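Me: I've got a structure to go through and a few quick questions. Can you help me read it?

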Amino acid sequence: MEAASVPARAGEENEPKKRPLSERARSERRLGWLLCAPAVLAMLLVTAYPIIYAFVLSLQRLDLRFPDEREFVGLSNYVDVLTSSLWWTDVANTLGVTLVSVTIEFVLGMAIALLMHRAIFGRGVVRTSVLIPYGIVTVVAAFTWQFAFQPDTGFVNQLPFVADDMNWFGDRFSAFFVIILAEVWKTTPFIALLLLAGLTTIDDGLYEAAKVDGANAVQRFFRITLPLMKPAILVALLFRTLDAFRVFDSIFVMTRGSVDTESVSILGYNQLIARLNLGLGSAVSVLIFLAVLMIAILFVKGFGTSVPGKDQR
Amino acid sequence: MIAALAAAAIVLSACGDDESGGPTELSFFIFNEPSGILPKIADACSKSSNGEYTISFEYLPNEADQQREQLVRRLGAEDSSIDIMGMDVIWTGEFANAGWVEEWTGANEKAATTGVFPSVAETARFEDKLWAAPIWSNTQLLWYRKDRVPKPPKTWEEMLDQAAEIGKNGMIQVQADRYEGLVVWLNSMVESAGTSIVQPDDAEAVALSSPQTDKALGLMVQLANSEAADPSQSTSNEDTARLSFEAGSSSFMLNYPFVYPSAKDNAPDVFKNLGEALYPRVDADRPSAPPLGGINLGVSSYSEHKQEAFDAIKCMIQPQNQIKIATAGGLPPVTESLYDEKQIDDVYPGFADLIRQSIKQAAPRPVTPAYQDLSLAIQRTIHPLGDISPDQVPDKVDELRDNVQKALNVEGLL
């Protein structure tokens with residue numbers, strides 16, 4: 001440790017003597033790359049390869065049910081998808097679910113995070129118990145909510161102010177209500193936990209100083225808490241938005257996409273798994289991938305320079 | 001990781017290669033039929049094969065769509081571990097066209113179809129060739145409440161009138177969620193009206209002629225918009241229909257015979273008044289075309305033991321085994337003459353002949369390689385039925401015809 005830092009300091013002082021240092025830095029960097037290489041290779045194998053393969057498939061007429069009719073068709077699968085009203089309805093549905101659920105999750109998550117941060121007794125228990133919904137498998141959670149809202153056997157229709165024969169999954173908006181409720185219930189803890197991590201990094205001295213200067217609680221929240229939590233908020237919202245945009249389980253379990261509640265992932269599933277139309281299905285998958293990429297870029301640009309992991313100064 | 005995969009592959013192939021003289025092990029992929037009679041039949045067949053084969057089971061999920069998903073994923077990858085497949089009646093065209101099932105010819109074909117209802121055998125044919133052997137069938141009857149309905153309705157119009165007369169307890173239970181059950185219903189209505197979904201002589205062209213289709217869809221829409229529709233009709237399936245009927249507030253139900261033992265066990269009061277009749281007509285002068293379900297057994301084209309697989313299927317579909325399946329699982333036999341047997345009458349007390357008649361005049365759903373597309377297109381176009389107003393029906397039929405033709409051409413998103 002000590003020995004390593006000595007030549008470094010020497011290098012800073014003496015310009016022409018910089019070479020041995022950069023040699024060392026270079027070899028360290030090389031070592032770093034070598035150590036990373038297995039992981040990078042595995043990543044390429046399991047992510048880059050399927051993405052490229054999906055793109056190649058999307059340029060073909062390829063249907064497992066018609067094995068003899070395989071041919072290269074250029075971008076015509078993309079034209080089919082993008083000119084279909086179904087695609088745009090599903091994009092709108094997906095964006096709607098994403099926007100509404102992430103907004104509610106963020107507000108609730110922030111409230112829960114503030115609460116957990118200030119919790120005086122039973123911190124561990126509170127933090128663990130809040131996480132329980134997130135620990136439940138999505139499909140199981142979706143079934144639970146579906147059973148609760150089932151018109152004949154669920155308990156919701158027995159509650160006061162709810163019509164006994166309300167068919168929650170028979171209408172677009174009531175179905176979306178249940179789907180979003182399930183999503184919010186399940187993933188708010190995830191956002192709360194990420195935000196809590198951001199909260200704990202804020203120096204209490206700042207609040208004390210602001211109090212001395214006469215700032216009230218609202219001002220402290222908007223002037224200190226929020227700006228300093230920006231990186232944590234970015235991470236939380238980005239992860240959740242990307243996740244929400246790919247929503248599949250809840251909708252599949254509750255409505256299978258009926259009454260206009262279909263998301264783009266279910267659309268892709270229908271083409272790939274139900275129809276075995278690999279060309280068209282891959283085109284849908286590639287478009288979903290591009291949409292997800294766009295969301296990520298918008299977030300990072302929209303939030304300025306505070307990319308997680310990047311040096312802020 | 002690659003090394004691990006390779007090791008796994010060696011282990012797997014080692015498992016498949018134990019042909020050191022003993023009987024060939026056949027894997028039979030089928031859903032886990034709840035009565036558990038199939039493994040017993042398979043064991044008996046293995047024993048009587050004199051060491052030719054033994055049958056082991058690989059269970060698929062209960063839902064037909066999910067069974068198909070798992071099978072086609074393996075077949076698409078040319079998986080040789082499947083020997084025998086339990087195929088839903090609507091998969092024949094798809095599996096045959098893709099080259100996933102072996103054709104039944106000569107003596108095999110004869111063994112698979114002799115004495116079998118023509119309507120049932122038709123579900124296993126594609127382009128005039130036989131691709132599977134029917135083992136059990138299924139059909140829907142009209143179940144009604146004898147205490148509320150003096151005389152079972154002959155037609156849909158009569159039934160709707162009777163339901164309106166009964167009022168509060170007059171609900172008619174059907175299957176109208178956005179799934180295959182809705183297509184089953186539409187197919188029966190359209191066939192009962194005297195037309196079909198695809199042209200009888202050209203499986204790539206839509207039929208759905210007017211005015212027959214308008215009448216068929218019109219009745220479905222009329223029910224959906226009437227008091228006789230369950231409030232959750234748009235999410236109903238076979239099981240929700242059964243449960244609602246057992247709850248007592250319905251007077252009619254279109255459903256498979258499994259509802260009979262279920263009512264006996266779960267709703268004795270309803271069971272006392274349970275009556276059954278033939279599927280109602282759409283056109284008063286034309287016999288109805290009830291739905292047809294069931295399972296056909298096929299031999300995978302990637303199987304390494306095709307001859308043994310054919311032999312095993314021929315053993316399992318024998319009449320005495322069909323009777324065992326009917327007795328244990330309540331599933332209707334495919335061999336017509338069996339309906340004269342006492343044992344079948346015990347399974348369907350007093351209505352064995354009704355089931356025979358229903359299967360006889362049933363209309364299979366279209367056999368086409370693009371069946372999934374066709375089904376998705378129909379579901380998307382007519383669900384939920386309650387959103388179609390009666391005067392929109394002719395426009396809806398035009399839209400349906402366009403969408404089905406596109407589906408048959410395998411065009412566009414679905």
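Me: Is C36(A) buried, partly exposed or exposed?
Reply: C36(A) is partly exposed, because its relative accessibility is 40%. Keep in mind that this is a predicted model.

Me: OK, cysteines then. How many disulfides are there over all chains?
Reply: One, from a search of the whole structure. C45(B) and C315(B) form the disulfide, with their sulfur atoms 2.0 Å apart.

Me: Where in the chain do those two sit?
Reply: In distant parts of chain B. C45(B) is in helix α2 (residues 37-48), and C315(B) is in helix α13 (residues 306-316). They are 270 residues apart.

Me: Left-handed or right-handed?
Reply: Left-handed, because the torsion about the S-S bond of C45(B) and C315(B) is about -90°.

Me: And are C45(B) and C315(B) buried or exposed?
Reply: Both C45(B) and C315(B) are buried.

Me: Switching to helices. What should α8 of chain B span, and what does it span in the model?
Reply: Helix α8 of chain B covers residues 180-193, which is 14 residues.

Me: How many of its residues are buried?
Reply: In α8(B), 13 of the 14 residues are buried.

Me: What comes just after that helix?
Reply: G194(B), with a positive phi of about 105°.

Me: Which residues other than glycine have a positive phi?
Reply: F161(A) is one of them, with phi near 70°. N50(B) is another, with phi near 55°. Most residues other than glycine have a negative phi.

Me: Where are they, and are they buried or exposed?
Reply: F161(A) is in the loop between α7 (138-149) and α8 (172-200) of chain A. F161(A) counts as exposed because its relative accessibility is 90%. N50(B) lies in the loop between α2 and β2 (53-60) of chain B. With a relative accessible area of 73%, N50(B) is exposed too.

Me: Which peptide bonds are cis?
Reply: One joins S210(B) and P211(B), with omega about 5°. Another runs from H383(B) to P384(B), with omega near -10°. Most peptide bonds are trans.

Me: Where do the two prolines lie?
Reply: P211(B) is in the loop between β10 (202-206) and α9 (212-224) of chain B. P384(B) is in the loop between α17 (371-382) and α18 (393-408) of chain B.

Me: Back to chain A. Which residues form the nonpolar patch on the surface?
Reply: I51(A), F289(A), L290(A), L293(A) and I297(A). Together they have about 410 Å² of accessible area.

Me: Which helix gives the most to it?
Reply: Helix α14 (residues 278-302) of chain A, with four residues. L290(A) is found in helix α14, and L290(A) is partly exposed at 40% relative accessible area. Residues three or four places apart in an α-helix point the same way, because there are 3.6 residues a turn.

Me: Last one. What is R242(B) in contact with, leaving aside its neighbours within four places in sequence?
Reply: M253(B), N255(B), F258(B), V259(B), S262(B) and N266(B). R242(B) is in helix α10 (residues 238-247) of chain B. Its relative accessible area is 12%, so R242(B) is buried.

Conventions:
Residues numbered from 1 in each chain as written. Chains lettered and ligands numbered in written order. Predicted model: local features only at pLDDT ≥ 70, side-chain atom pairs only at ≥ 80, totals over all residues. Heavy atoms only, no water. Expected span 1.5 Å × (residues − 1). Buried < 20%, exposed > 50% of the residue type's maximum accessible area, 1.4 Å probe, protein only. Disulfide = S-S within 2.5 Å. Patch = residues over 30% accessible without salt bridge, like charges linked within 9 Å, V, L, I, M, F, W, Y side chains within 5 Å. Areas by Shrake-Rupley, 256 points an atom, 1.4 Å probe, with all protein chains shown as cover. Salt bridge = Lys/Arg side-chain N within 4 Å of Asp/Glu carboxyl O. Contact = heavy atoms within 4.5 Å.
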